[in-house]
Amino acid sequence: MTGTDDFDAFYRDTSRRLTRYAFGLTGDPGEAQDLVQEAYARAWQRWRKVSGYEDPEAWLRLVVNRLSTDRWRRIFRRRDHAAAQRPEPPAPPPSENTVLLVRAMRDLPPAHRQALVLHYLMDRTIAEIAAETGASTGTVKSWLSRGRAGLAAALGHEYPEGARSAG
Amino acid sequence: MPVDLDEMFADLSRDGDTVPVAPAVAARRRGARRTRNRAVAAALATLLAIAGVGVAAWQRGHRAEPILPATPNSPIRGLEPLGEPLDLGGDRYWSYPAVSEGRVYAVSMPMAAGGDARRNRGVAVAGRTGDILWSTLEDLGDTDIPVPIPGTVLLREAAPQPIMHLLDPATGAERWSLVHELDDDLVFHTDVLVRVHAADGLTEGFDIRTGERLWSAPGGADRPRFNAGIPGGNDVRRWGLSNNEPFSDGYMFQQLTSGRMLIRDVRTGAVRNRIATVLNSQSGLTTVHDGTVFWPVGDEIRAAALGDDSTARVIFTFGPGKGPRGLFGCGAGRVCVGEAADDDEKDSRVVAVDVDAARTLWTAPASFMSRGTARAGRILTGSGRGAALRDDAGRVLYEGPGDIGWIDDGNMLQFQMRPDGKRTTVAVVSAVDGARTVLGEFPSGSSAMGPAGHCAWSAETLACVDGSRLVRYRFTR
């Protein structure tokens, strides 16, 4: 199998999940597409090395995570007052829940947001999130707890404790 | 009714799975472009310079549009459409609007998905007439979004090598360009561009109009690891409580590997203050106001006169379990401190401090405290969910939901998405008495980036993008 075939197979297997992850972090379809393309472009540049990693997909998530908070990108995405309005013709409009949730997630610290997305969208356990982020399991529990509390406050309702346990 | 986060995240996941994914070949092509050598980058820069001349020549026949006469700070009473919407037709749409110096900037993007930035075009439009003044050209490499600062337009080309292009805002002609590394920090001032090399910490200041190197400072053993501009905080675009931004109003901070911090004058490169210790998570709150630098250390806010470290002292101490969330100048001799519990955003407060006396003047609860600014005796704190306007005694003049930003000293623009998410109400809030006047309603579109995200404004003009249409309005007073 050539490097190209190998990369393309990896792309087919993982790009959908990575796009979901990027969409969870950004809430913007166009931004998610761009982040994913950039992450795979970087992977292709160093494919021989990345393909040898134990979990290349985790490496891509790290790249996406870093790019999503990258200062350069933030500058040009004009986070304060000129964030893009990107119509996405091929995709249906997001559900009302998604609009509300993404708006609420905008105000969370990046670590809380990342932990919530890994947990809820990627089905990662606390131990797996800790391994991926390099934090302790206690810290991850704190991120998830505070992230949920932040969302509940932002959404204007009480969130029932223990509605979903991770583990 | 309690929130069902499981259900909401399930919806988010389902929506994420409908985002189109480009074929693998697109990523490989992008990666391959990235690995081209610098000779290609140099050739591309030359092409861009030639293209800049061509664009300048093309638009010579366009007379510069006069800037609308401004009556700053008087009450805004309505919106009046400015000409016909600029419609791109069916295959492209507008994004990233910006307004500066009588011009509207936006990016024209192709409808086809795939995120190929080579097909984006930055466009400058005369704010008054809607005439297209200039446009960047396609297929010159991955180009990012034009960002106007007074007197200059910044345009970054991302591949194959990051290049910052500095354009004349009136003509779009390139004045000069800076080839840099992706991990370098850049700080922008109206007169100076500062580059901090990631490789060795070398810090250089360039004349932003000519590219002439004005000053440099070697990185040394204790090299800078985090660099950012210190903004004045009263610009519509720059009102984050965290001053962790690339735009500077004259000073920048450099947090060194050792934890020390330098305050540097971006015009001369001179180090004005050397601060012994700052925490990674707090350095971004550093600010300069009234000739004094302010920074948090642990549970204290400290201050020192610019250029005189011997005057350093504590001006505010947080209560037990509380820490800083924001720091900004809020009047002569005053600084406002955002305070919240270390592990919770509940009970957040804004505290006005008399700097000379190191005394608390007033304290007020602040429900929305992720950003703040002050102008002309008014203090605005807010987040994407809501905002509060106070007078200089801390009395609330206005409090409400939605995004809000300054138009001028007397007016603020407020965007509030309606519950159905389909329409956004645009209103003006008087900074004099907090009165809110609805100006109109716009479609909200499908983006979840925030209701203000598709509009930009100056004291005279409001520009909003709505799919393929760029719509301009004049504030009537």
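# Briefing on a predicted two-chain model

In helix α2 of chain A, the residues A:L35, A:V36, A:E38, A:A39, A:R42 and A:A43 meet A:L60, A:V63, A:V64, A:L67 and A:S68 of α4(A). The model is predicted.

**Chain A**

- Chain A has 9 helices and 0 strands.
- Read from the N terminus, its elements are therefore written α-α-α-α-α-α-α-α-α.
- Of its 167 residues, 49% count as buried.
- Among contacts in chain A with a separation of 6 or more, 63% are between residues 24 or more positions apart.

**The α2(A) and α4(A) pair**

- Helix α2 of chain A covers residues 29–45, and helix α4 of chain A covers residues 56–68.
- Their axes come within 9 Å and cross at roughly 130°.
- The two helices are therefore oblique to each other, because an angle over 145 would be needed to count as roughly antiparallel and 65 to 115 would count as roughly perpendicular.
- The crossing in which α2(A) passes α4(A) is right-handed.

**Nonpolar cores**

- The largest nonpolar core holds 102 residues.
- Within this core, B:A106, B:C336, B:M412 and B:A463 touch the most other members.
- A second, separate core has 46 residues, including A:F7, A:L35, A:L67 and B:F9.
- Two of these residues, A:L35 in α2(A) and A:L67 in α4(A), are also among those that meet where the two helices are in contact.

**A four-strand sheet in chain B**

- Strands of a sheet pair through backbone hydrogen bonds, either parallel or antiparallel.
- In chain B, 4 strands form an open sheet in the order β15-β16-β17-β18, with antiparallel pairing.
- The edges are β15 (224–230) and β18 (271–275); each has a single partner strand, so one side of each is left without a neighbour in the sheet.
- On average, neighbouring strands of this sheet are turned by 20° against each other, with direction ignored.
- Strand β17(B), residues 261–265, pairs with β18(B) in the antiparallel sense over 4 bridges.
- One of the residues involved is B:M261, whose bridge partner in β18(B) is B:I275.

- Strand β20(B) (residues 292–297) and strand β21(B) (residues 300–305) run antiparallel and are joined by 6 bridges.
- B:V293 has B:A304 in β21(B) as its bridge partner.
- This hairpin has 2 residues between the strands, and B:G298 takes a positive phi near 60°.
- Strand β21(B) is also joined by 5 bridges to strand β22(B) (residues 308–317), and the two run antiparallel.
- The bridge partner of B:R302 in β22(B) is B:V314.
- The hairpin of β21(B) and β22(B) likewise has 2 residues between the strands, and here B:G307 takes a positive phi near 85°.

**B:T425**

- B:T425 has 18 other C-beta atoms within 10 Å and so is partly exposed, because a buried residue has 20 or more and an exposed one 12 or fewer.
- Not counting residues up to four places away in sequence, B:T425 touches B:Q416, B:R418, B:V438 and B:E441.
- B:T425 and B:F442 are 17 residues apart in sequence, and their C-alpha atoms are 6.5 Å apart in space.

Note on methods. Residues numbered from 1 in each chain as written. Chains lettered and ligands numbered in written order. Predicted model: local features only at pLDDT ≥ 70, side-chain atom pairs only at ≥ 80, totals over all residues. Core = buried A, V, L, I, M, F, W, Y, C linked by C-beta atoms within 7 Å. Pairing = 2+ DSSP bridges. Axes fitted to C-alpha atoms, helices over the stretch in contact; angles between N-to-C directions. Contact = placed C-beta atoms within 7 Å. Parallel < 35°, antiparallel > 145°, perpendicular 65-115°, else oblique. Left-handed = near helix turned anticlockwise from the far one by under 90°.
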